[in-house]
Amino acid sequence: MATGSGKTDVMAAVILYMYFEYGYQNFIFVANTSAVVEKTKDNFVKHNSPKYLFNDPVTIDGRRITVQAVNRFPTMPEKDSIYLKLTTIQALANELGSLRENGLTYTELEKDKLVILADEAHHFNASTKSQKMEEKSWEILLNKIRSANPDNRQFEFTATIDIDKDLVYEKYKDKIVYKYDLNRFMSDGYSKNVYRLEAQNEDSVKMLNAVLLSQYRKRIAQRLGIEDFKPVILFKSNRVNSSNQAKEDFLTLIDSLDADKLSEFLGKQSRVNHSVTLKRIYAYWEKQDLAQTIVELKRDFNAMTTINVNDTTKEGILGDEKGYDILNTLEDINNPLRTIFAVAKLTEGWDVLNLYDIVRIGEQPTTIKQTNSEAQLIGRGARYNPFKYQGKRKYTRRFDHDDPDMKLLESLYYHTINDVKYINNLVKSFNKMNLVSESDNENDFSVYTATVKPSFKKSKAYQVGKLYHNELEDVPLGEYDSLKSYGIDNHIIKINMNDSIVEHRNDEGGSGQDQASREVIVADFTKQTDLRLLKKAMAREPFFRFANLSQWVPTLKSLEQFRTDEKWLGSTRIVAVVPYYQQVDEQQSPLFRLRVVDQALQKIKKALKNNFARKRGTNRFVGIPLKDVIVDYQKRVSNNLTGLQAIVRPEAMANDDWFVYDQAIVDRLEKSLIDMLRNVIDELKANYHEVFLLRNEETMSLFKLYDFNTTLAHYEAFMPDFVLYLDGGEVIYQLFIEPKGEQLLARDAWKEKLLEKITPENIELIGENQDVRLYGIKFFKDGNGYEIENEIRNKLLD
């Protein structure tokens, strides 16, 4: 699982699950460093810690459960107690390797079953990697503990499994329960965005850049009403002496700063710096009262808000006992720290959320080993900071499509050198751990601005026109009467077992191509034999106990109804997508089939919980002022595209008076759609007073459509890319048009069905006196331009 994606939360869940479902009371948490162990004590046993993960108290079925830290497991355990031994692997090896008073022994471990929780588990594969089963290796030690009792179980957690190594792959290919890479974690919005600021600057310039950027973030948060927002800077060195000197230099820099020096700095950097973000920051500070700015900077950045952590040991950034508490509570409003100086060799266990700038200090090696370490640090710094905004705390990014200032609150910047060899190695390191980053150099990407044409702002459409979208309504509880009402097709459920049991290898250059897949039916619940499989799978998941399930399915009368009724699972087939080379006997093995059904139930569980008590679309359409939706917007496009990314470029539209923006920022398919409309636009203009093509960019979140009158529910919003707006004098026409790439046709088929349902006879317009007619158009895709052109003619020109 990616750094920051919740490994420790999953461990806490595993502890309760194994206790409640299987009666385990003894747990050993083991890690490579004492820093990780100390951090985990905050998570599991320190009730007064802000990092504590359990409810206080823990109650299961009305019983109060205690979680106790122990050195040895009791011979007579109390009924409602969980015993947790937290230790480093080194301490555990020493304890089991020599008899000592109050020490743990293998004989004790034989008596009662236990669960091993191995954190940062990549450290425990030395014997596998070397092919030498050394008696004293940590891997062998865990094997011995696990083998002491046949009921012992071991769960391993890591962000950096070496699956690209053949021996490690062979060990884990059938043992990986879940794989959640950093690139998926970041694309799902659970992290900050990561940007690189690459420049050949002196350390003092990088330091002041970071300070100005950090303070600008703080001001943005204050302007948006975000309380207690405190962005932190980490200055990273590769030597202790360099780190100590950098701290002194930094404090001297801030102490000697005055308005004249800051003004000179801003003026010079505005001319020579190529970072789009920093240029915007310089322009902001140049307009401020610099004397007041100096007072503010000296108040926030001084010796009292700065710490140096000289992690000379393998304990990493949390190895300094004096600094541990203050470093692990950086988000606390009472914690004054804004700047940290550290060597930061290893950073496992550091759960900082409000780190926003990492600054590379001093001349350092440019080897792949060095950049691997830096990439790991950046990955940890990319953890999302779930601050409160407009009274709500959110755990995923919310400003990806907002203005650049707001995006700064969800972005980590890595200030580094502009050296070709170093940057190449750094990008390789990012790719190896699937860390998504972008350069902030204005030469590495383009920012395109689409401006609403002044001529369009004078039009009747802009002045008084409206766009129409459908209203939402609550779903009555009585209508949650089938899987389809939760958005699940109860005829067939597909589970991709290629993703589930990792059957491909990764190398340093990126993921290889997936093996060819095929589909096999592993369960058909119309058959009695497969119903037994379903019963077993449901028994393994507490969610599907009737007392709990009925909270999410209020119309359900019994579990038997859920299993056998055609509206629920009675007519369902479970299909597994498997590698083409997988053997038939493996596909039909009881364990494999059970695993697939387990995952199908998890998919159903997610749908039941996510789609209960939702709002759904109706056929009642209401208008919103067009001028509130059609506004200027910007789109940032990388100049270094991979083969998987669509090329987005601006298309000049100044001479096309029917397009409302001065340029269309579009990919190839979207441009083809515009070119197709050019074929018919003159005919439309001859028949209508006003004809405009509106671009519904993602930033225009006001305009969304929702599915309605459907048997298979879809609750998510749909934003059609284009709206063709026509004023015929007595009648207003609006056509919703969506270009769609081949790779998305199957997934988004419901959106096309929604578009085809939008016709005047199927919808009701609310609060309108004028005649308005709305139409949806089938997806525009490669090869059907002539068909779509004819559809538009039939609706508007016949």
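**Reading helix packing and a sheet**

Modeller: Helix 9 and helix 12 are roughly perpendicular to each other, a label for angles of 65 to 115 degrees. This is a predicted model, where local features need pLDDT of at least 70, side-chain atom pairs count only at pLDDT 80 or more, and totals for chains, interfaces and linings use all residues. Residues are numbered from 1 along each chain as its sequence is written, and side-chain values use heavy atoms, leaving out hydrogens and water.

Colleague: At what angle do the axes of helix 9 and helix 12 cross?

Modeller: Two packed helices are described by the angle and the distance between their axes. Here helix 9 (residues 203–223) and helix 12 (residues 276–286) have axes that come within 10 Å and cross at roughly 70°. Axes are lines fitted to C-alpha atoms, for helices over the stretch in contact, with angles from 0 to 180 degrees between N-to-C directions. Helices (H or I, at least four residues) and strands (E, at least two) are DSSP runs, numbered from the N terminus.

Colleague: Which residues in helix 9 and helix 12 meet?

Modeller: With contact meaning heavy atoms within 4.5 Å, those in helix 9 include Leu 212 and Tyr 216, and those in helix 12 include Ile 281 and Trp 285.

Colleague: Now the sheet: in what order do the strands come?

Modeller: Strands of a sheet pair through backbone hydrogen bonds, either parallel or antiparallel. Pairing requires at least two DSSP bridges between two strands. In this model, 6 strands form an open sheet in the order 2-3-4-1-5-6, with mixed pairing. Strand 2 (58–60) and strand 6 (153–157) are the edge strands.

Colleague: In which sense do strand 1 and strand 5 pair?

Modeller: Strand 1 (residues 26–31) and strand 5 (residues 114–119) are parallel over 5 bridges; Phe 27 stands opposite Val 115 in strand 5.

Methods:
Parallel < 35°, antiparallel > 145°, perpendicular 65-115°, else oblique.
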